[in-house]
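Here is a short briefing to read alongside the model. Have the sequence and the 3D view open, and follow the topics one by one.

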Amino acid sequence: MILLQIFHKDITAVEITPRYVAGIKSRKSRGILRFITPLFFYEGANSSQKIVELRENLNPDVEDIVIVNFPNDDALFVSIDVPPTLKNRDLARFAKMEVARLLNLSADKMSIDVAGKFSSKCMVTVAKQRDLNDFINRILQAGFPEPDVVLPDLFKYFELIYIPEVTALFLIFTPDYGSAVLSSGGSILGVRTFSSSTWEILDIVSEETGIPRLELMNSYEAFEKNQRIGTLVESILSDLPYTVERELIFLLNTVLPSSSLNDVSRIFIMSDPNVLQKYFVKAFSVLELLQGKIEPVVFRWRISSLPLGILGISVRGGREFGKNKLVQE
């Protein structure tokens with residue numbers, strides 16, 4: 001058993017957001033992903049010094065698989081039409097040329113990845129090559145090995161949840177932004193981001209109740225014991241669904257012009273932190289066009305005390321070794 005361990009590569013997951021820096025190491029064996037270090041979490045602006053400190057604590061080996069999230073603000077999500085006869089081996093090249101035409105950018109100045117395809121629709125993630133290079137250099141200057149995977153920030157959440165075959169919408173609420181995501185045939189076909197912050201919600205609750213945000217993030221018990229918290233969150237969210245409804249309609253009209261909300265089978269809601277999810281579900285259930293379709297996302301893994309973002313990045317790292325069977329702490 002000890003000899004087998006020699007051939008294991010560790011996975012170093014790094015999460016950098018405008019509000020915090022986090023990292024954890026894991027190891028995969030027999031399809032099971034196990035965490036082998038504690039979570040290192042640094043709240044506040046993502047300064048270079050905090051990234052260096054994170055690297056010092058994680059102490060990644062040069063042979064580690066390194067996975068890091070790429071800032072959502074520097075990524076574009078572009079939906080394009082593709083010829084029905086186009087072969088999969090030609091898809092990436094066609095998508096790059098089509099996106100270059102649509103954005104009026106030189107193809108060699110972009111980095112693209114095909115995020116999803118169904119029928120004649122395809123979604124591509126796009127970053128300027130200069131922005132991507134600057135981001136990777138920042139990681140290297142902190143002392144990390146060169147990343148094996150640079151994952152668009154939003155996609156760390158889709159590592160954790162099921163995407164159904166039916167036409168569905170996802171509403172993802174994070175510490176930094178909100179996203180409306182359209183899927184069909186099990187593939188992501190369109191994304192639209194909007195202003196929203198779960199941390200700002202918790203900060204308001206913290207100011208009103210005196211309970212630190214970190215405690216609120218990690219404690220379902222605090223919400224259960226203090227009914228005032230739930231009432232306050234519901235009040236904060238009362239206007240949000242009407243704003244987001246317009247985003248959903250715009251997304252559908254852009255990606256599937258002949259469709260409407262009536263054609264959407266299910267609308268899934270996810271919140272990071274997960275403690276707020278039921279309040280988002282309740283808030284959106286009041287919309288007449290969405291009634292009967294709103295439900296929480298279905299997680300593929302047991303959600304533990306780890307933040308959802310770093311958990312999703314770790315799961316993505318585990319996929320470098322094949323299918324994940326289970327995630328454990």
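In helix 6, the buried residues are Thr198, Trp199, Ile201, Leu202, Val205 and Ser206; buried stands for under 20% relative accessible area, exposed for over 50% and partly exposed for what lies in between, with a 1.4 Å probe and protein chains only. These residues sit on the same side of helix 6 because they cover an arc of only 155 degrees around the axis, the arc being that of the directions from the helix axis to the C-beta atoms. You are looking at a predicted model, in which local features need pLDDT of at least 70, side-chain atom pairs count only at pLDDT 80 or more, and totals for chains, interfaces and linings use all residues. Residues are numbered from 1 along each chain as its sequence is written, and side-chain values use heavy atoms, with hydrogens and water left out.

**Helix 6**

- Helix 6 covers residues 198-209, which makes 12 residues; helices (H or I, at least four residues) and strands (E, at least two) are DSSP runs, numbered from the N terminus.
- From first to last C-alpha, helix 6 reaches 17 Å, close to the 16 Å expected at 1.5 Å a residue; the expected span is 1.5 Å times one less than the number of residues.
- An α-helix has 3.6 residues a turn, so residues three or four places apart point the same way.
- At the start of helix 6, Ser197 brings a side-chain oxygen to within 3.4 Å of the backbone nitrogen of Trp199.
- After helix 6 comes Gly210, with a positive phi near 80 degrees.
- Ile204 is also found in helix 6, and Ile204 is partly exposed at a relative accessible area of 36%.
- Ile204 and Ile236 are 32 residues apart in sequence, and their C-alpha atoms are 8.8 Å apart in space.

- Strand 11 (residues 178-184) pairs with strand 12 in the antiparallel sense over seven bridges, and Ser184 stands opposite Ser187 in strand 12.

- Six of the six residues of strand 10 are buried, so strand 10 is largely enclosed by the rest of the structure.
- Both faces of strand 10 are covered, with Ala168, Phe170 and Ile172 buried on one side and Leu169, Leu171 and Phe173 buried on the other.
- With strand 11, strand 10 pairs in the antiparallel sense over six bridges, and four residues lie between the two strands of this hairpin.
- Phe173 stands opposite Gly178 in strand 11.
- With strand 13 (residues 266-271), strand 10 pairs in the parallel sense, again over six bridges; there, Ile269 is the bridge partner of Leu171.

**Aromatic pairs**

- The model has 10 aromatic pairs, where rings of Phe, Tyr and Trp (its six-membered ring) pair if their centres lie within 6.5 Å, and planes under 30 degrees apart count as stacked, over 60 as edge-to-face and the rest as tilted.
- One of them is the edge-to-face pair of Phe173 and Phe194, with 6.0 Å centre to centre and 65 degrees between the planes.
- Phe173 lies in strand 10 (residues 168-173) and Phe194 in strand 12, so this pair ties together parts that are 21 residues apart in sequence.
- Phe173 is buried with a relative accessible area of 0%, and Phe194 is buried with 11%.
- Phe173, Phe194, Phe280 and Phe284 form one aromatic cluster.

- Strand 6 and strand 8 (residues 121-128) pair over six bridges, and Leu76 stands opposite Val126 in strand 8.

Methods: Two strands pair if DSSP finds at least two bridges between them. A polar contact is a pair of N or O atoms within 3.5 Å; within protein, one must be able to donate a hydrogen and the other to accept it, and residues adjacent in sequence count only if both atoms are side-chain atoms.
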